[in-house]
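This briefing sets out selected features of the structure shown below. The points are grouped by topic for reference alongside the coordinates.

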Amino acid sequence: MIYVEKSAQNTSLAELAAKEHNIEVIDDGFDIEDKKSNIVISCHTDNFVHRCPATNIYRCCNYHVVDIMQGCPFDCAYCILQLYLPHKHIRVAGNTDNVLQDIKSAVKEQKRRIGSGELSDSLAMDKTIPLSKIIVPFVNNLDNILFEFKTKSDVIDNLLNLNPKNVMVSWSLNPASIIDTEEPYTAALERRLKAAETVSDYGYKVGFHFDPLIMSDNFEKIYGELIEDLTSRIKEESVEYISISTFRCPYELMNIIRQRKNPSILTKGDFIKGIDGKTRYFKAERIKMIHFVTKKLKKYWNKPFIYYCMEHSSIWEKILNYDPGEREEFEKYFLQI
Ligand code: SF4
């Protein structure tokens with residue numbers, strides 16, 4: 001059900017949603033049933049754009065996120081939202097004019113990569129809440145931006161009627177068997193790859209996030225097959241960048257993962273407490289996993305920039321023979337693309 005708070009009733013987003021779906025208008029702050037299938041369009045005055053939260057112990061690429069939607073219809077075992085959000089339902093900012101102005105201000109001084117996939121999946125809800133129709137035309141009129149929709153869905157129909165100029169679409173990828181057990185309700189691997197092929201043929205830049213890599217007995221076999229499938233289907237020239245990182249999480253999230261109804265493969269892993277306090281695989285294991293995926297990708301693709309999200313400089317040096325530096329320094333590698 002889509003609920004619209006009274007203060008958001010006349011927003012263009014509420015009007016777009018009401019064109020194709022039944023909506024119910026509610027008082028601001030009214031408590032609706034807290035479940036993933038409920039959506040609330042409301043207005044709020046937060047700063048919508050901010051730097052990706054990071055510690056300075058691990059390398060961060062100075063990515064910026066826009067928090068226009070909070071909550072996700074998918075149910076990944078490792079999802080940080082289980083810990084971060086106090087609600088299961090999905091909340092969307094109806095005052096998109098404020099969101100767009102915040103995006104514009106963020107790129108006034110310099111080029112930035114900004115994405116909407118931090119507190120939600122960027123496209124999973126795009127049929128019902130067509131944010132892409134509002135965001136894409138706006139960012140295409142800005143000079144200094146690469147806007148990223150990051151998804152585990154195959155909801156791309158709206159994108160196929162829009163200009164891809166300043167936009168990239170990226171998919172988080174895992175082998176089919178991991179998707180089946182760890183990423184409930186997301187699009188199957190085949191559907192993600194098909195969607196990536198379609199938008200890349202249409203003219204969008206695409207990206208891929210091998211994040212989180214999850215260890216299993218047949219890790220090299222299943223990730224190797226995934227990379228062979230990906231690289232044989234997607235044109236290398238359309239790939240903007242690729243991130244790789246292993247599973248990590250605050251230790252409180254491990255307790256939530258252990259209590260999930262369907263046991264996660266993550267409950268069988270051996271982990272340490274990293275220097276930022278997060279639960280991570282042992283360093284030697286992280287190196288092995290990241291090295292394997294990097295080497296396999298580089299076997300087929302030379303051009304796309306590969307980076308490691310929130311990994312220690314020593315891992316960069318060990319595998320890629322350089323340290324990208326911190327924040328602004330690291331960001332320069334993307335701006336050269
Ligand atoms: S797709 Fe992303 S936001 Fe949605 S449940 Fe999975 S990890 Fe969480």
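**Ligand surroundings**

In this predicted model, the residues surrounding the ligand are Cys-72, Phe-74, Asp-75, Cys-76, Cys-79, Leu-81, Ser-120, Asp-121 and Lys-152. Sorted by class, this shell comprises five nonpolar residues, three charged residues and one polar residue.

**The eight-stranded sheet**

- An open sheet is built from eight strands, arranged in the order β4-β5-β8-β9-β10-β11-β12-β16, and its pairing is mixed.
- At its edges stand β4 (49-51) and β16 (305-308), each of which pairs on one side only.
- From one strand to the next, the twist averages 25 degrees.

- Strand β10 spans residues 167-172, and six of its six residues are buried, so the strand is largely enclosed by the rest of the structure.
- Val-167, Val-169 and Trp-171 point one way from β10, whereas Met-168, Ser-170 and Ser-172 point the other way; all of them are buried.
- Strand β9 (residues 145-151) runs parallel to β10, and five bridges join the two.
- Within this pairing, Glu-148 has Met-168 of β10 as its bridge partner, and Lys-150 has Ser-170 of β10.
- Strand β10 also pairs with strand β11 (residues 205-213), in the parallel sense and over five bridges.
- Here the bridge partner of Trp-171 is Phe-208 in β11.

- Strand β1 (residues 2-5) pairs with strand β3 (residues 39-42) in the parallel sense, over three bridges.
- Ile-2 stands opposite Ile-39, which belongs to β3.

**Helix packing**

- Two packed helices are described by the angle between their axes and by the distance between those axes.
- Helix α7 (residues 219-233) packs with helix α9 (residues 283-300) at an angle of about 30 degrees, the axes being 10 Å apart.
- Angles under 35 degrees count as roughly parallel, and α7 is therefore roughly parallel to α9.
- The crossing in which α7 passes α9 is right-handed.
- Helix α9 also meets helix α10 (residues 313-320): their axes come within 10 Å and cross at roughly 45 degrees.
- That angle makes α9 oblique to α10.
- The passage of α9 across α10 is likewise a right-handed crossing.

**Residue Leu-189**

- Leu-189 lies in helix α6 (residues 189-202).
- Is Leu-189 buried or exposed? Leu-189 counts as buried because it has 22 C-beta neighbours inside 10 Å, the cut-off for a buried residue being 20 or more.
- Leu-189 and Glu-20 are 169 residues apart along the chain, and a distance of 29 Å separates their C-alpha atoms.

Definitions and conventions
Residues are numbered from 1 along each chain as its sequence is written. This is a predicted model: local features need pLDDT of at least 70, side-chain atom pairs count only at pLDDT 80 or more; totals for chains, interfaces and linings use all residues. A residue is near a molecule or strand if its C-beta atom, placed from the backbone, lies within 6 Å of it. Ala, Val, Leu, Ile, Met, Phe, Trp, Tyr, Cys and Pro count as nonpolar, Asp, Glu, Lys and Arg as charged, and the others, Gly among them, as polar. A residue is buried if 20 or more other C-beta atoms lie within 10 Å of its own, exposed if 12 or fewer, and partly exposed in between; C-beta atoms are placed from the backbone. Helices (H or I, at least four residues) and strands (E, at least two) are DSSP runs, numbered from the N terminus. Two strands pair if DSSP finds at least two bridges between them. Axes are lines fitted to C-alpha atoms, for helices over the stretch in contact, and angles run from 0 to 180 degrees between N-to-C directions. Angles under 35 degrees count as roughly parallel, over 145 as roughly antiparallel, 65 to 115 as roughly perpendicular and the rest as oblique. A crossing is left-handed if the near helix is turned anticlockwise from the far one by less than a right angle, and right-handed if clockwise.
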